[in-house]
Amino acid sequence: MAEKAFNPFEMAQRQFDHVADKLGLDQGTRDFLRTPCREYHFLIPVRMDDGNVKVFRGFRVQHSDARGPAKGGIRFHPHETIDTVRALATWMTWKTAVVDIPLGGGKGGVICDPRELSDREQEKICRGWVRQVARNVGPIQDVPAPDVMTHGQHMLWMMDEYEAIHGGRLPGMITGKPVGMGGSLGRTEATGYGVVYTIREAAKEIGLDLKGATAAIQGAGNVAQYTLDLLQQLGTRTIAISCWDNTDKKPYTYRCKEGIDFKKLMASIDKFGTVSPAKAKANGWEQLEAGAWIEQEVDILVPAAQENEVNAGNADKIKATVKIIAEGANGPTTPEADEIIQKKGIFLIPDFLCNAGGVTCSYFEQVQCNMNYFWDRDEVLRRLDLKMTSAFKAVSALAREKKVYMRDAAYMISIQRVADACRLRGWV
Ligand code: NAD
């Protein structure tokens, strides 16, 4: 019998049901929170550079706006599915709640491969996406941001289209914009640095000295890069990273026992986080098979690529040296792998806490846009560290108090906050 395909939304619902039971949530609140509130599905016709019209499928899902406008990224990916977008929108609700910012959860996407599209074609997709949802997103409804394979330029095209439709300057409609055009300093590094702030706190709890520690990271994109950067500043060597190779159409792991240097990494990758095999070779990095990153004898593992990457098929291969798993990606670990990680006694920092630095900084960006006054980088990172650290401490204190897994503790805090907001509004 063929194996059932991984469905991230089913996984998000399973995680929710598990904690709803622990919290004893009533049926109405469960029904309301386990499914997104609103979904938009639409087509984006684009006249391509060759003169033909190609039609792309776009989505926006708003899981919850009980605590504030929905918030979440837009992904451009050839394998994007509505259930992935639903799962990610749901996780955004828990993420904004766990760091206690006044926003809800949303996510969007377009089925496309920007690696195969010209800048003009990508601009048309961005403007087309906004035209379809211009009445349903914006500073008081739902605030998009960059995500996998989208970046500041895409956000700016989207903002420009939105402003043209609504008339006026509305930079708070979207975040992740370039600095100087409504963007916040520190946003580029916010998610990766946030991952490391939580690793730092976890290390303190378990008595791991980050100076001299080692890590392996899956991914070499935005999150992975800045995780590696701050880990390196704290004295932790990242000895392996892995990334997708678009020429061979498969991922590889690159290993360097002395630790991959941040500046060398940045000089060896393209804007999609693909390491050039030739440059890796010149740097003296070994090229290994895709899955090798998870099998390294390191203290810290950081899955920072995509969903379903730590699963029943490979969680057993995690070495006994591993003390912390910090989920930089969204949904990297399946419930089956969670059981194995728990049995191994590894300290897990769950995704929607671990990678909440991005949305927290996006929230700061919105605040700065609304004030029309922008903070310096140190101020942004100081506030980010405060938010991430206090969220981490609240989750880990609850995990200890209730003797539950860190993921469950994070869910318990988030779901309770969102359920309370729904109840106070009189919705449930
Ligand atoms: P990105 O597009 O910049 O990088 C993704 C990286 O993953 C690339 O290096 C790519 O080569 C690699 N990759 C893809 N498939 C792979 C595979 N099968 N094996 C190994 N590597 C693979 O994306 P990003 O912004 O760094 O996001 C990474 C993850 O973090 C995603 O799950 C995203 O949803 C999540 N996230 C991102 C942010 C953010 O601010 N960028 C915030 C929160 C969560």
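Helix H3 (residues 82–98) has 17 residues and spans 24 Å from its first C-alpha to its last, close to the 24 Å expected at 1.5 Å a residue (the expected span is 1.5 Å times one less than the number of residues). Helices (H or I, at least four residues) and strands (E, at least two) are DSSP runs, numbered from the N terminus. The model is predicted: local features need pLDDT of at least 70, side-chain atom pairs count only at pLDDT 80 or more, and totals for chains, interfaces and linings use all residues. Residues are numbered from 1 along each chain as its sequence is written, and side-chain values use heavy atoms, without hydrogens and water.

In H3, 17 of the 17 residues are buried (under 20% relative accessible area, 1.4 Å probe, protein chains only). Asp100, which follows H3, has a positive phi near 55 degrees.

Strand E3 (residues 70–76) is also mostly covered, with seven of its seven residues buried. Strands count as paired if DSSP finds at least two bridges between them. E3 runs parallel to strand E5 (residues 142–146), joined by five bridges; Gly72 has Pro144 of E5 as its bridge partner. Three bridges pair E3 with strand E4 (residues 105–110), again in the parallel sense, and Phe76 is partnered by Val110 in E4.

Across the whole structure, 10 aromatic pairs were found (ring centres of Phe, Tyr and Trp, for Trp the six-membered ring, within 6.5 Å; planes under 30 degrees apart are stacked, over 60 edge-to-face, the rest tilted). The Tyr193 and Tyr226 rings have centres 6.3 Å apart and planes at 65 degrees, so this pair is edge-to-face. Both Tyr193 and Tyr226 are buried.

Terms used. Buried < 20%, exposed > 50% of the residue type's maximum accessible area, 1.4 Å probe, protein only. Right-handed = clockwise from strand over helix to strand, strands pointing away.
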